[in-house]
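Here is a short note to read alongside the model. Keep the viewer open and check each point as you go.

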Amino acid sequence: MVQSHAERVRGPAVERIALLEAAGRVLAEPVKADRDQPPFPRSTRDGFACRAAELAAGPLRIAGLLRAGEAWTGGALRAGDAVEIMTGAAAPEGSDCVAMVEHVEVNAGQVRLTASRAPAPGENIVAAGAEARAGDVVVPAGRRIGVTEMAAAATCGYVRPAVYGRPRVAILATGDELVDPSETPKPHEIRNSNSYSLAVQAAAAGGMPRIFPVVRDDPSATERAIAEASLADLILLAGGVSMGKFDFVEQALLAQGAEFFFTGARIQPGKPIVFGKLSNAYFFGLPGNPISTMVTLALFAAPLLRAMGGESERGPQFVLARLDGEVRVKAGLTRFLPARLVSDVSSARVRTVAWHGSGDLAAAAMANTFLVVPETAEQLNGGDLVSVLML
Ligand code: AMP
Ligand code: MG
């Protein structure tokens with residue numbers, strides 16, 4: 001359901017910004033190679049550029065030295081000649097390989113093969129245009145600029161890439177018990193954590209979060225807050241969507257003329273989640289228990305937000321890992337259990353964190369991921385390959 005809306009969301013505005021500022025932003029144009037890559041036959045080794053067959057046959061005269069960044073002015077390589085060459089330099093015309101410096105011996109202006117095997121034609125040279133041709137798309141539009149995309153944009157001279165504007169996200173926590181983290185709560189009060197975790201998650205999904213003041217559990221206060229937030233592209237409400245006597249979020253949304261796409265999901269935690277649209281703004285009413293809020297954002301709201309920000313790969317992101325320890329649950333709902341994923345070069349292992357339900361912030365703080373227990377499963381065993389929802 002969220003996917004079908006994600007397919008349809010209107011592309012956001014486009015701006016051009018300085019390359020380094022574009023880190024984490026979504027490309028609104030493809031990055032195309034402005035010339036062949038590599039632009040010249042590139043030596044990948046320090047050694048001697050020559051003709052492979054000639055080197056195999058006997059010593060070659062050293063005709064000169066070529067550094068990276070230096071153009072060879074000696075013309076095409078003459079028969080019987082080699083040119084000493086550094087990694088990253090352009091191999092002279094006529095050479096067809098680079099013999100590694102470790103595989104040759106230099107004596108009286110001549111270079112001779114010492115390794116048992118002569119280099120094959122093409123060895124240690126990347127041909128001009130082998131990686132990309134001028135005009136080829138190196139990074140498609142719709143990709144978020146991370147490490148590799150940044151390098152590609154720099155290589156291709158995109159000093160002011162076109163990126164999509166970030167969707168505005170209004171964050172509204174509801175609850176009479178909530179106080180700001182800067183305040184000292186009374187014994188029956190708690191600090192508002194959801195606004196902060198949501199802001200981090202929304203920003204990571206490409207949104208521009210704005211935290212609104214906490215909304216009291218009162219119908220007209222809730223309506224007023226929602227009306228104020230509806231100028232945003234996405235409204236995230238946390239709390240007040242359950243069946244409690246003072247849960248007014250759905251009612252307030254309805255009173256404002258909201259359209260609901262779904263009210264509930266077969267998941268635990270997060271069952272009471274609601275999704276819809278209020279004039280031009282999408283909204284999610286997320287359950288207020290902190291772990292429910294995190295899971296439902298990662299599962300439903302983050303993919304929509306990424307789509308609104310023009311990103312083509314939207315998630316949610318899952319990975320497979322081996323389970324450490326065993327897990328037993330009641331079947332009937334897809335479950336998301338706070339868990340810690342640890343990986344090394346050859347394996348990824350996941351272990352659930354002991355918890356007291358979806359309000360357990362201490363457990364959440366020990367988790368870096370959520371173990372997915374399929375709807376029909378009652379038990380997962382140690383060593384099982386299991387799916388993990390990435391935050
Ligand atoms: P609700 O969804 O409003 O019924 O809230 C469920 C539970 O989550 C209650 O224990 C609330 O106190 C707690 N909760 C709701 N909103 C927040 C918040 N913003 N920060 C931390 N805990 C919250
Ligand atoms: Mg509440």
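Predicted model: local features only at pLDDT ≥ 70, side-chain atom pairs only at ≥ 80, totals over all residues.

1. In what order do the strands of the open sheet with β7 and β8 at its edges lie? The order is β7-β4-β6-β5-β9-β8, six strands in total, and the pairing is mixed. The edge strands are β7 (97–100) and β8 (104–107), and each of them pairs on one side only. On average, neighbouring strands here are turned by 40° against each other, direction ignored.

2. Look for R61, which stands opposite D81 in β6. Strand β9 (residues 110–113) pairs with β5 in the antiparallel sense, over two bridges. There, L60 has V111 of β9 as its bridge partner.

3. Strand β4 covers residues 47–50. Three bridges join β4 to β6, and these two strands run antiparallel. G47 stands opposite I85 in β6. Now find the open sheet of six strands in the order β16-β13-β17-β21-β20-β18. Its pairing is mixed. The edge strands are β16 (208–211) and β18, each pairing on one side only. The twist averages 20° from one strand to the next. Within this sheet, β17 (residues 234–238) and β21 (residues 281–286) run parallel, joined by five bridges. The bridge partner of A238 is L286 in β21.

4. Which strands does helix α5 touch? Helix α5 (residues 219–229) packs on the sheet and touches β13 (168–173), β17 and β20. The direction of α5 makes about 165° with that of β13. Helix α7 lies across β13, β17, β18, β20 and β21. Compared with β21, α7 runs at about 170°.

5. **Two helices in contact.** In general, two packed helices are described by the angle between their axes and the distance between the axes. Take α4 (residues 194–204) and α7 (residues 290–308): their axes come within 10 Å and cross at roughly 30°. Angles under 35 degrees count as roughly parallel, so α4 is roughly parallel to α7. The crossing of α4 and α7 is right-handed. From α4, the contact is made by N194, S197, L198, Q201 and A202. From α7, it is made by P290, T293, M294, L297, A298 and L305. By class, this contact has seven nonpolar, four polar and no charged residues.

6. **An aromatic pair.** The structure holds eight aromatic pairs. Take the one formed by F261 and F275: is it stacked or edge-to-face? The ring centres of F261 and F275 are 5.2 Å apart and the planes are at 65°, so the pair is edge-to-face. The pair links distant parts of the chain. F261 sits in β18 (residues 259–263) and F275 in β20 (residues 274–278), 14 residues apart.

7. Strand β25 spans residues 348–352. It runs parallel to β22 (residues 318–323), with two bridges joining them. R322 has R349 in β25 as its bridge partner. Strand β24 (residues 334–343) pairs with β25 in the antiparallel sense, over five bridges. L341 stands opposite V350 in β25. A hairpin of four residues joins β24 to β25.

8. **Backbone details to check.** Where are the cis peptide bonds described here? One joins Q37 and P38, with omega about -10°. P38 is in the loop between β2 (31–32) and β3 (42–43). Another runs from G315 to P316, with omega near 5°. P316 is in the loop between α7 and β22. Look also at A108, in the loop between β8 and β9. Phi of A108 is near 50°, a positive value in a residue other than glycine.

How values were computed
Residues numbered from 1 in each chain as written. Chains lettered and ligands numbered in written order. Heavy atoms only, no water. Axes fitted to C-alpha atoms, helices over the stretch in contact; angles between N-to-C directions. Parallel < 35°, antiparallel > 145°, perpendicular 65-115°, else oblique. Left-handed = near helix turned anticlockwise from the far one by under 90°. Contact = heavy atoms within 4.5 Å. Nonpolar A, V, L, I, M, F, W, Y, C, P; charged D, E, K, R; others polar. Pairing = 2+ DSSP bridges. Phe/Tyr/Trp six-rings, centres within 6.5 Å; stacked < 30°, edge-to-face > 60°.
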